[in-house]
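Me: Hi! Could you walk me through this structure, one bit at a time?
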Amino acid sequence: MEMTPATNLQLKRPDLLRSQAYINGEWLDADSGKTLAVINPASGVVIACIADLGVDETRRAIAAAEQAQKLWARKTAKARANILRQWFNLIMANQQDLAAILTAEQGKTLAEAAGEIAYGANYIEWFAEEAKRIYGDIIAPPSADKRILVIKQAVGVVASITPWNFPNAMIARKVAPALAAGCAFVCKPAKETPLSALAMAVLGEEAGIPAGVFNVVCGSSASAIGGEMTSNPLVRKLTFTGSTPVGKTLLQQCAATVKKTSMELGGNAPFIVFDDADIDAAIAGAMASKYRNAGQTCVCTNRILVQRGIYDEFAEKLAAEVRKFQLGDGAAAETTMGPLVNSKAARDVTALVDDALANGATALTGGRASSLGDCFYEPTVLTGATREMRVFKEEIFGPVAPLFAFDTEEEAIEMANDTEFGLAAYFYTQDHARIWRFGEALEYGIVGINEGLISNEMAPFGGVKESGSGREGSKYGIDDYVEIKYLCLGGLE
Ligand SMILES: NC(=O)C1=CN([C@@H]2O[C@H](COP(=O)(O)OP(=O)(O)OC[C@H]3O[C@@H](n4cnc5c(N)ncnc54)[C@H](OP(=O)(O)O)[C@@H]3O)[C@@H](O)[C@H]2O)C=CC1
Ligand SMILES: O=C(O)CCCC(=O)O
């Protein structure tokens with residue numbers, strides 16, 4: 001459907017708002033001429049109508065990436081690092097414009113959006129530095145006439161599929177290690193949030209990323225674009241962030257050509273508060289880890305487990321903090337929580353809360369959709385939550401904190417690990433022996449201990465069990481984008 005954009009975005013650089021796709025250094029319409037409307041979830045206003053690409057354009061982007069990758073990988077690590085560093089500089093110089101675009105398409109507050117731009121840029125800065133630290137090895141040989149060397153080489157063309165909840169940072173933390181290692185990159189942003197990806201491409205081009213090394217393929221048919229990405233033999237790696245069911249489908253599709261994969265999938269993070277915890281610190285941690293991005297992150301607290309002796313005090317204090325949220329358009333200065341990404345997300349959260357209420361939970365605050373619009377849900381605290389409720393098992397992806405009671409540490413660890421997911425977990429205690437014991441017993445890739453904010457570019461981000469594989473960020477992050485090659489030198493005597 002053709003719609004006329006009615007954006008009132010005030011940008012210092014209006015050229016950052018693009019509607020064409022970016023392939024091989026060119027800005028292009030869809031072959032079909034079709035477009036896709038990008039809608040502001042707070043207002044329902046159309047921000048832009050972007051090129052709606054399909055299989056053919058994706059195939060051309062992959063072919064262009066394959067050609068460009070060879071030259072990119074031959075550049076020195078320092079040359080690649082300098083370009084990445086320049087990209088970081090440009091992103092930070094345009095932080096406010098990028099944040100305004102992000103808020104318009106995704107809904108989070110401007111302050112959160114500016115934070116995300118800096119967060120994403122930090123990965124680019126980090127991997128600009130790591131580009132120069134990809135080391136090989138020399139290994140003791142089995143006989144005197146041999147030498148064993150290990151080198152690390154770029155995997156080649158990387159395809160990326162990312163979600164709408166972090167439209168900038170999820171791409172940044174994949175593209176940065178990929179480019180640092182010498183890979184070329186074809187990304188498919190979520191259909192709700194392609195504008196942040198296209199704005200990144202504008203600045204990447206300015207930073208000197210050669211044509212074909214970074215491509216953005218946007219469109220309404222994820223299965224068509226994803227199908228080409230996963231079946232095309234020129235793609236050597238797929239990196240995905242999103243839901244576990246889609247991740248499993250993509251893994252199956254990648255099997256046919258045995259691609260390397262990195263999967264950042266769903267979570268069901270427990271947040272455990274022991275009765276020896278500093279309760280005010282635990283409240284602050286719960287607020288940060290639960291309500292960030294209106295609860296729409298894969299590391300968001302999903303289940304709050306509180307030891308029975310402090311349950312009522314914790315619940316009252318948390319509800320008092322949650323009542324302070326000012327729900328509204330993320331672009332308004334007074335707003336502290338924006339809408340959910342679309343009306344389906346709000347309906348999904350409504351169904352989860354209604355299930356809990358019908359099964360005996362009580363809403364201390366919230367507990368219903370907001371009258372502000374069909375994408376808004378009131379920030380909510382539920383007491384009396386039980387394991388039989390859907391909120392115990394399913395990713396809520398909304399501003400809802402269900403509080404479960406427990407009595408013993410054994411019960412807490414059993415409840416915390418009783419899920420197929422294993423991404424992030426949090427716990428609060430002042431007992432040092434328990435810190436080690438409980439931290440080691442949690443079956444999760446990331447554990448916040450007396451801390452609710454765990455994401456940064458210096459740390460390895462990733463999950464176990466059905467939350468995925470691979471690590472993003474940190475010194476380990478580059479490993480996902482290199483292949484180990486063993487060189488055996490013979491005849492040396
Ligand atoms: N782990 C995480 O970080 C995330 C978890 N989720 C969870 O998933 C739920 C649903 O969210 P949703 O946005 O639908 O998540 P999805 O997993 O469906 O979407 C994530 C990305 O995958 C793409 N995608 C979807 N289906 C396919 C396919 N068949 N082939 C290739 N790509 C595909 C989407 O494209 P498009 O948007 O264009 O359809 C998007 O770019 C959330 O409520 C939340 O529970 C969601 C997002 C992130
Ligand atoms: O929700 C996600 O998709 C992961 C991003 C969250 C973070 O980086 O903290």
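What follows is a chat about the sheets, helices, ligands and cores of this model.

Me: Before we start, is this model predicted or something else?
Reply: This is a predicted model.

Me: Thanks! In what order do the strands of the seven-stranded open sheet come?
Reply: The order is E14-E15-E16-E13-E12-E17-E18, and the pairing is mixed. The edges are strand E14 (362-365) and strand E18 (446-449), each of which pairs on one side only. On average, neighbouring strands of this sheet are turned by 25° against each other, direction ignored.

Me: How do E15 and E16 pair?
Reply: In the parallel sense, over three bridges. Strand E15 covers residues 380-383 and strand E16 covers residues 400-406.

Me: And which residue in E16 is the bridge partner of Leu382?
Reply: Pro402 is the bridge partner of Leu382.

Me: Which strands does helix H9 lie across?
Reply: Helix H9 (residues 279-291) lies across E12, E13, E16, E17 and E18. H9 runs at about 165° to E17.

Me: What about H10, which strands does that helix lie across?
Reply: Helix H10 (residues 311-322) lies across E12, E13, E14, E15 and E16, and runs at about 165° to E15.

Me: New topic: strand E10. Why is E10 described as largely enclosed?
Reply: Seven of the seven residues of E10 (residues 235-241) are buried, so the strand is largely enclosed by the rest of the structure.

Me: Which strands pair with E10?
Reply: Strand E7 (residues 157-161) pairs with E10 in the parallel sense over five bridges. Strand E11 (residues 260-264) also pairs with E10 in the parallel sense, over five bridges. To find these pairings in the picture, look for Val158 and its bridge partner Lys237 in E10, then for Phe240 and its bridge partner Met263 in E11.

Me: Which residues in H7 are buried?
Reply: Ile225, Gly226, Glu228, Met229 and Thr230 are buried in H7. The buried residues of H7 pack against helix H1 (55-74), E7, strand E8 (184-188), E10 and H8.

Me: Ok, ligands. How many residues surround ligand 1?
Reply: There are 22 residues around ligand 1, and the closest are Ala222, Gly226, Gly242, Ser243 and Cys298. Helix H7 (222-231) and helix H8 (244-255) each supply at least two residues of that shell. The largest share, three residues, comes from H7.

Me: What classes of residue are in that ligand 1 shell?
Reply: The shell around ligand 1 has nine nonpolar, nine polar and four charged residues.

Me: And which residues surround ligand 2?
Reply: Ligand 2 has Pro163, Asn165, Phe166, Met170, Thr241, Thr297, Cys298, Val299 and Ser455 around it. By class, the ligand 2 shell holds five nonpolar residues, four polar ones and no charged ones.

Me: Let's go to the cores. Which residues touch the most other members of the largest nonpolar core?
Reply: Leu84, Ile101, Ile124, Phe127, Cys183, Phe185 and Val186 do, out of the 90 residues in the largest nonpolar core. Helix H5 (residues 169-181) gives the most to this core, with 10 residues. Apart from this core lies another, of 66 residues, with Ala190, Val273, Ala361 and Ala424 among them.

Me: What does Ile124 touch?
Reply: Not counting residues up to four places away in sequence, Ile124 touches Leu84, Trp87, Phe88, Ile91, Ala172 and Ala176.

Me: Is Thr109 buried or exposed?
Reply: Thr109 counts as buried, because it has 24 C-beta neighbours inside 10 Å and the cut-off for buried is 20 or more. Thr109 is in the loop between helix H3 (95-106) and helix H4 (110-130). Leaving out residues up to four places away in sequence, Thr109 touches Thr103, Gly330, Thr335, Thr336 and Gly338.

Technical notes: Residues are numbered from 1 along each chain as its sequence is written. Chains are lettered from A and ligands numbered from 1 in the order in which they are written. This is a predicted model: local features need pLDDT of at least 70, side-chain atom pairs count only at pLDDT 80 or more; totals for chains, interfaces and linings use all residues. Two strands pair if DSSP finds at least two bridges between them. Helices (H or I, at least four residues) and strands (E, at least two) are DSSP runs, numbered from the N terminus. Axes are lines fitted to C-alpha atoms, for helices over the stretch in contact, and angles run from 0 to 180 degrees between N-to-C directions. Two residues are in contact if their C-beta atoms, placed from the backbone, lie within 7 Å. A residue is near a molecule or strand if its C-beta atom, placed from the backbone, lies within 6 Å of it. Ala, Val, Leu, Ile, Met, Phe, Trp, Tyr, Cys and Pro count as nonpolar, Asp, Glu, Lys and Arg as charged, and the others, Gly among them, as polar. A nonpolar core is a set of buried Ala, Val, Leu, Ile, Met, Phe, Trp, Tyr and Cys residues joined through C-beta atoms within 7 Å. A residue is buried if 20 or more other C-beta atoms lie within 10 Å of its own, exposed if 12 or fewer, and partly exposed in between; C-beta atoms are placed from the backbone.
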